[in-house]
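Thanks for coming. I will take a few minutes to walk through one structure, starting with a pair of helices and then moving on to some side chains.

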Amino acid sequence: MSGQFAGKTVAITGAAGGIGQWLCRFFGREGATIAALDRSDKVNDLVATLGAEGISAKAAVADIASAEAVKAAFDGFGDVHLLINNAGVSRHPTLAVTDPMGWEADMASNLNGAWACAHAVLPQMVQRRSGNIVNVGSVNGLSALGDPAYSAAKAGMIAMTKAIAMEYGRYGIRSNCVLPGTVRTPIWDERKAKDPNVLKQLERWYPLGRIVEPDEVARVIAFLASDAASAVTGVALPVDCGLTAGNIVMARELTLEDF
């Protein structure tokens with residue numbers, strides 16, 4: 001698929017994070033100009049690094065929870081051919097520790113912000129009669145796996161993805177969603193410092209016996225955004241090493257078989 005995004009601008013939110021950096025490099029190496037957005041000013045350092053690697057990129061510092069900041073950022077980006085709503089955060093692991101302000105904050109950062117970004121690019125995509133939006137959801141949007149506010153937002157993202165696909169398909173705009181399971185990002189280095197066996201415990205739940213690598217998420221996003229998926233829209237696709245195929249730990253205990 002080398003060079004398939006040449007001449008196109010790919011906007012990536014949460015660009016300075018673990019998956020975001022992989023996405024920037026992946027699409028940059030495919031010939032795209034990267035419009036990198038993040039609430040951290042580390043995104044400026046990322047863009048400088050990408051430039052040194054020969055990748056055309058521009059940066060905007062904005063919190064997607066602010067619709068005004070999103071609008072200003074995208075006004076500066078100009079034409080956007082592919083939007084990847086990758087930004088997301090989870091701050092509240094249980095309902096018991098989630099107060100109303102916390103719920104609203106997680107919804108704003110994970111769902112409302114994604115809509116604000118889509119709202120910013122849809123008019124130009126309609127005018128061009130073409131465009132792609134790929135939302136980075138989570139398997140948490142399908143099942144109760146902790147982080148309830150985050151999970152509710154990711155479930156909402158699936159509904160938003162389908163609504164965009166249905167209403168804007170007539171303009172040549174496609175909208176899809178990937179649902180990663182546990183992804184190997186720097187956050188797990190921090191958690192392993194507290195519990196060296198945390199990934200071993202998690203891997204038991206994945207039929208492939210491992211967690212997801214960031215570039216595996218990037219490749220699925222690239223497929224959904226490519227001409228190879230020209231008839232695919234409104235899809236919510238797990239990228240989860242088989243987690244949502246079934247409960248393998250429970251199945252082992254029920255059958256007393258090691259598979």
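In which hand of crossing does α1 pass α2? Before I answer, please note that this is a predicted model.

The crossing of α1 and α2 is right-handed. To place the two, helix α1 covers residues 18-29 and helix α2 covers residues 42-52. Two packed helices are described by the angle between their axes and the distance between the axes. Here the angle is about 30 degrees, and the axes of α1 and α2 lie 11 Å apart. That angle makes α1 roughly parallel to α2, because angles under 35 degrees count as roughly parallel.

Now the residues where they touch. From α1 come Gln21, Cys24 and Arg25, and they meet Leu46, Thr49 and Leu50 of α2. By type, the residues of this contact are 3 nonpolar, 2 polar and 1 charged.

The structure holds 7 of them, and I will go through some.

Arg25 forms a salt bridge with Glu53, with 3.1 Å between the closest N and O atoms. This pair links distant parts of the chain: Arg25 sits in helix α1, Glu53 sits in the loop between α2 and β3, and they are 28 residues apart. Glu53 has a relative accessibility of 38%, so it counts as partly exposed.

Next, Asp75 and Lys71, whose side chains meet in a salt bridge at 2.9 Å, N to O. Both residues are in helix α3, residues 67-77, and because they are 4 residues apart there, about one helical turn separates them. Asp75 counts as exposed at 53% relative accessibility, and Lys71 is exposed with a relative accessible area of 52%.

Then there is the salt bridge between the side chains of Arg184 and Glu213, 2.9 Å from N to O. Arg184 lies in the loop between β6 and α6, and Glu213 in the loop between α7 and α8, so the pair ties together parts 29 residues apart in sequence. Arg184 is partly exposed at 33% relative accessibility, and Glu213 is partly exposed at 25%.

One last residue. Is Asp106 buried or exposed? Asp106 lies in helix α4, residues 100-128, and counts as buried because its relative accessibility is 0%. Leaving out residues up to four places away in sequence, Asp106 touches Val89, Ser90, Arg91, His92, Leu111, Ala149, Tyr150 and Ala153.

That is where I will stop.

Definitions and conventions
Residues are numbered from 1 along each chain as its sequence is written. This is a predicted model: local features need pLDDT of at least 70, side-chain atom pairs count only at pLDDT 80 or more; totals for chains, interfaces and linings use all residues. Side-chain values use heavy atoms; hydrogens and water are left out. Buried means under 20% relative accessible area, exposed over 50%, partly exposed in between (1.4 Å probe, protein chains only). Contact means heavy atoms within 4.5 Å. Axes are lines fitted to C-alpha atoms, for helices over the stretch in contact, and angles run from 0 to 180 degrees between N-to-C directions. Angles under 35 degrees count as roughly parallel, over 145 as roughly antiparallel, 65 to 115 as roughly perpendicular and the rest as oblique. A crossing is left-handed if the near helix is turned anticlockwise from the far one by less than a right angle, and right-handed if clockwise. Ala, Val, Leu, Ile, Met, Phe, Trp, Tyr, Cys and Pro count as nonpolar, Asp, Glu, Lys and Arg as charged, and the others, Gly among them, as polar. A salt bridge is a side-chain nitrogen of Lys or Arg within 4 Å of a carboxyl oxygen of Asp or Glu.
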